Amino acid sequence: MKLPFEANPIIKTFNEIKQYFRKYETDVSQKRIKDFHQFSKILNDLGYEVAFDFVGSLNFGLVEEYSDVDFILYIACKEHFNSDCDKKGCLNFVQVKYLILETLIKEYVKKPYKTQVVDCINLIRLDNELNKTSSIDINLVFRFAFYRSICRGVNLKILKFYHEKLMTRNDLIEQMLPYVNDVFNLFLQTNSYSLSFEKYRSRLIDAGIKIPNSVIEKIKSYLYSNQSFNI
Ligand SMILES: [Zn+2]
């Protein structure tokens, strides 16, 4: 599938470096990807439409036994059309993340590991936004386009429908593309309180785009832990 932000050179470089690391993928990474395939099957059988996009070490295939798994959780929630689904207000999120996923990891995995949902996207809400011609929640659409451009997904057959729908919205992709560099600039700032960090952040906020701090921190810590990573 074509990536939503493929036209951006930094996205292209990021993915080339990712592919390079992926050639040396660890056995633990492959095992964890398999785990999540299994979890998504079980969750789907239980009636939850879920998919995952991995950030950090699993995205690069360099997971070690002690590494946490950080991911974007995609769920289909019919209850929240104006706000994000999170542990504070969404029962579907709580059920998938705490009741099921954590139980599955304890049950099925020999050496259980920690997981963190760094962002959650409600696919029904996303679909709704992608159907609109005005008052679109550009923040939600941007996050989806960004994750689909740089992350590694599991249960792509569920995401395919939304991914393809986004690709038909050239108007939105063109509108969002200029802000991709600002997001990368946020990752490259060592200090979240620096003036330039604030400059990029406020430019994004003015455009209606807010990447959760949890995502910024995860990607940033990964970029800095790899000395060979230069973008
Ligand atoms: Zn919800």
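Modeller: Happy to, and keep in mind that this is a predicted model. Let's begin with phenylalanine 52. Leaving out residues up to four places away in sequence, it touches Phe36, Ser40, Phe71, Ile72, Leu73, Tyr74, Gly153, Val154 and Asn155.

Biologist: Okay, and which residues touch the most other members of the largest nonpolar core?

Modeller: That core has 51 residues. The residues touching the most other members are Phe52, Ile72, Leu73, Tyr74 and Ile75.

Biologist: Which helix gives this core its largest share?

Modeller: Look along residues 138–150. That stretch supplies 7 residues, the largest share of the core, and the helix is H6.

Biologist: What is the phi of asparagine 155?

Modeller: Here's the background: most residues other than glycine have a negative phi. Asparagine 155 isn't a glycine, yet its phi is positive, at about 70°.

Biologist: Where does serine 135 lie, and is serine 135 buried or exposed?

Modeller: Serine 135 also has a positive phi without being a glycine, with a value near 50°. You'll find serine 135 in the loop between H5 and H6. Serine 135 has 7, so the answer is exposed.

Biologist: Let's move on to helix pairs. How are H2 and H4 oriented to each other?

Modeller: H2 covers residues 27–45 and H4 covers residues 91–108. Their axes come within 11 Å and cross at roughly 130°. Roughly perpendicular stops at 115 degrees and roughly antiparallel needs over 145, so H2 and H4 are oblique.

Biologist: Which residues of H4 meet H2?

Modeller: H2 passes H4 in a right-handed crossing. From the H2 side come Asp35, Gln38, Phe39, Ile42 and Leu43. By class, the contact has 8 nonpolar, 1 polar and 1 charged residues. On the H4 side, the partners are Val96, Ile100, Leu101, Leu104 and Tyr108.

Biologist: And how are H5 and H7 oriented to each other?

Modeller: H5 is residues 123–131 and H7 is residues 156–167. They pack at an angle of about 20°, with their axes 10 Å apart. Angles under 35 degrees count as roughly parallel, so that's what we call H5 and H7: roughly parallel.

Biologist: How many charged residues does the contact of H5 with H7 have?

Modeller: In this left-handed crossing, Leu123, Leu126, Asp127 and Leu130 in H5 meet Tyr162, Lys165 and Leu166 in H7. By class, 5 residues are nonpolar and no residues are polar. The number of charged residues is 2.

Biologist: How is H5 oriented to H6?

Modeller: H5 and H6 pack at an angle of about 110°, with their axes 10 Å apart. The range for roughly perpendicular is 65 to 115 degrees. So H5 and H6 are roughly perpendicular.

Biologist: Which residues of H6 meet H5?

Modeller: H5 passes H6 in a left-handed crossing. From H5, the residues involved are Arg125, Leu126, Glu129 and Leu130. The contact divides into 5 nonpolar, no polar and 2 charged residues. The H6 partners are Leu140, Val141 and Phe144.

Biologist: Which residues is threonine 26 in contact with?

Modeller: Threonine 26 lies in the loop between helix H1 (9–22) and H2. With 17 C-beta neighbours inside 10 Å, threonine 26 counts as partly exposed. Leaving aside neighbours within four places in sequence, its contacts are Gly61, Leu62, Val63 and Glu64.

Biologist: Last one: how many Å separate the C-alpha atoms of tyrosine 20 and leucine 140?

Modeller: Tyrosine 20 is found in helix H1 and is exposed, with 11 other C-beta atoms within 10 Å. Leucine 140 is one of the H6 residues that meet H5. Tyrosine 20 and leucine 140 are 120 residues apart along the chain, and their C-alpha separation is 30 Å.

Notes. Residues are numbered from 1 along each chain as its sequence is written. This is a predicted model: local features need pLDDT of at least 70, side-chain atom pairs count only at pLDDT 80 or more; totals for chains, interfaces and linings use all residues. A nonpolar core is a set of buried Ala, Val, Leu, Ile, Met, Phe, Trp, Tyr and Cys residues joined through C-beta atoms within 7 Å. A residue is buried if 20 or more other C-beta atoms lie within 10 Å of its own, exposed if 12 or fewer, and partly exposed in between; C-beta atoms are placed from the backbone. Helices (H or I, at least four residues) and strands (E, at least two) are DSSP runs, numbered from the N terminus. Two residues are in contact if their C-beta atoms, placed from the backbone, lie within 7 Å. Axes are lines fitted to C-alpha atoms, for helices over the stretch in contact, and angles run from 0 to 180 degrees between N-to-C directions. A crossing is left-handed if the near helix is turned anticlockwise from the far one by less than a right angle, and right-handed if clockwise. Ala, Val, Leu, Ile, Met, Phe, Trp, Tyr, Cys and Pro count as nonpolar, Asp, Glu, Lys and Arg as charged, and the others, Gly among them, as polar.
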